[in-house]
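Here's a quick briefing to read alongside the model. Have the sequence and the 3D view open as you go.

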Amino acid sequence: MSDLSDSTPSGSPSPDDLPPPSRPQPDPIAAREEMLSIYPDKTKKKRAKQLLVNTDPEKPAEIGANTRTIPGIMTQRGCTYAGCRGVVIGPMHDVLHITHGPIGCSFYSWQTRRNLARPQAGQINYLQYSMTTDMMEDEIIFGGEKKLAAAIREAYRIFKPKAIAVYATCPVGLIGDDIHTVCRLAKAELGINVFGFSCEGYKGVSQSAGHHIANNGVFKHMVGLNDVPDAGEFRINVLGEYNIGGDAWEIDALLRKCGIHVTATLSGDISYEQVTKCHTADLNVVQCHRSINYMAEMMETKFGIPWFKVNFIGASSTAKSLRKIAKYFDSKKLTDRVEEVIAQEMAAVRPVIDEVKARCAGKTAALFVGGSRAHHYQDLFKDIGMTTVAAGYEFAHRDDYEGRSVLSKIKVDADSRNIEEIHVDPDPTRFRPRKTSEQNASLAADGFNYRDYEGMVREMKKNALIIDDISQHEMEKLIALYKPDVICSGIKEKFSIEKSGIPCKQLHSYDIGGPYAAFTGAANFYKEIDRMVNTQVWKLVSPPWKRDPQPPARFVYQTKAGRAETDEATKTWKAAARKTADAEA
Ligand code: CFM
């Protein structure tokens, strides 16, 4: 049964309720084999673990995730510095962010992510600036600590911020600059909060390591500095929401309409002050589990704030999330208000769904992005009758695919051991359980779960392809074999996808679109996808490699049979090239 058929959606529709894809689908096992067939044996063995067919959604198979990308493979991933400075802390708009390193890292993290900020009156916004120590050869050879100290002083003199965060890039770790001592001394000298992050790009296998480092630093240096709670009832934090394209504003407005007060959104359009008092809230809801589950856990241990997973992407998922928050607070007033708001919002969204669904049902999508959106956005597609035939994360861990029940089984390898796990104890004076054990028991009896993330795989259709850290080669094969109606990914893949005649929706930046969160955002997304999958323009695309094909590459590692096959393909290519040349002469 589709939850969107009545006025009170309770959750996202099951993938089994979707209309069958209108185009015949390839055999997923053969498709997987074909994607893997080009790799040399060792690479193939490793990629095979990261490329699965969802044969039993109820019992997700073990997937290889959060391991190093094989050199030579074109990956979508970013670096640890990007995950720390760019993703988790970068959006804090009145913290001054200084990148300690050569100019490139700073330049490429300068307003490349659409984490919008609209500071309140009297607040300041430093996000338009890119500050760096601009390390040169001298500092690489003789050390950059003095230059960093000078940069902090200079930035303080000009801007007088409340806090300065310093980020180490690769060379800083290699030469051994001690940024933490520099920060400590600057903090004593200037009397403001100054702290550093050892988030060198190479620290982990992807930006995911940077999330963890950022969570640790924010928790150690910011959370808990201000014990004065906000006024207002039903105080929550929204964790893992970064206000891309204005999403956090949509969520905030919706919650306010319900009478729920957001103390802090970590980290979407957030001020330093909000971070310092987020431990005074009564509940943490987690939108992006991958980037911030560490913070949710640490806040629960130290301050007693429970957390659960929500999803404000998709109309039905948003309604479900609101209901769960209302259930947690156990107030008739709040529950009634939430139902009223859902009814109002759905009345506005339903006509859009009906209209769009009529044109989109049966179409297919493939999603390859980040560590949470490849999952969450499937709900938006389900709402309009579209099936996700293949999906994967860039840098998620096994729990984001298979659910948190596998957490204890995840092997700790050398790369993950590299990232500090900070030990947290209950705060001697400020630990305060938000619910009594009787209240929790009654919630549990009602089927209510805390710390609940079931992961992506359970919500995907049987036999869908799950591909972790997809390579460019696998993407090209996927396009050739599946011809999805739309692919969601990022800027690095966008143009090769579109040159293949398939529209690409960027799910990192939303291109120039958004917001897509909550009810109004969902309607925006449905309309955008309708436009993209139903336009005729993609049929007119003739990619340059069709007109001017390149000779097939012959790899040294290929087997005799494989080499013969490429030689044959080269012969065909030569003949075709000769024909074109003759025609032109
Ligand atoms: Fe979380 Fe994000 Fe994502 Fe992410 Fe990111 Fe992002 Fe993302 Mo780009 S925090 S994991 S590291 S939802 S920047 S706002 S879109 S890859 S899927």
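Predicted model: local features only at pLDDT ≥ 70, side-chain atom pairs only at ≥ 80, totals over all residues.

Residues are numbered from 1 along each chain as its sequence is written, and side-chain values use heavy atoms, with hydrogens and water left out.

**The sheet**
- Four strands make an open, parallel sheet in the order E3-E2-E4-E5; strands are DSSP runs (E, at least two residues; helices are H or I, at least four), numbered from the N terminus, and two of them pair if DSSP finds at least two bridges between them.
- E3 (131-132) and E5 (193-197) are the edge strands, each with a single partner, so one side of each has no neighbour in the sheet.
- E2 (residues 95-100) pairs with E4 (residues 163-168) in the parallel sense over six bridges, and threonine 99 has tyrosine 167 in E4 as its bridge partner.

**Aspartate 399**
- Aspartate 399 sits in helix H16 (residues 398-402) and is buried, at 2% relative accessible area (buried means under 20%, exposed over 50%, partly exposed in between, with a 1.4 Å probe and protein chains only).
- Leaving out residues up to four places away in sequence, aspartate 399 touches (heavy atoms within 4.5 Å) His289, Arg290, Arg404, Val406, Leu407, Ile410, Tyr453 and Gly455.

**The ligand shell**
- Around the ligand there are 15 residues, counted if a heavy atom lies within 4 Å.
- The closest are Arg113, His211, Cys288, Ser372 and His508.
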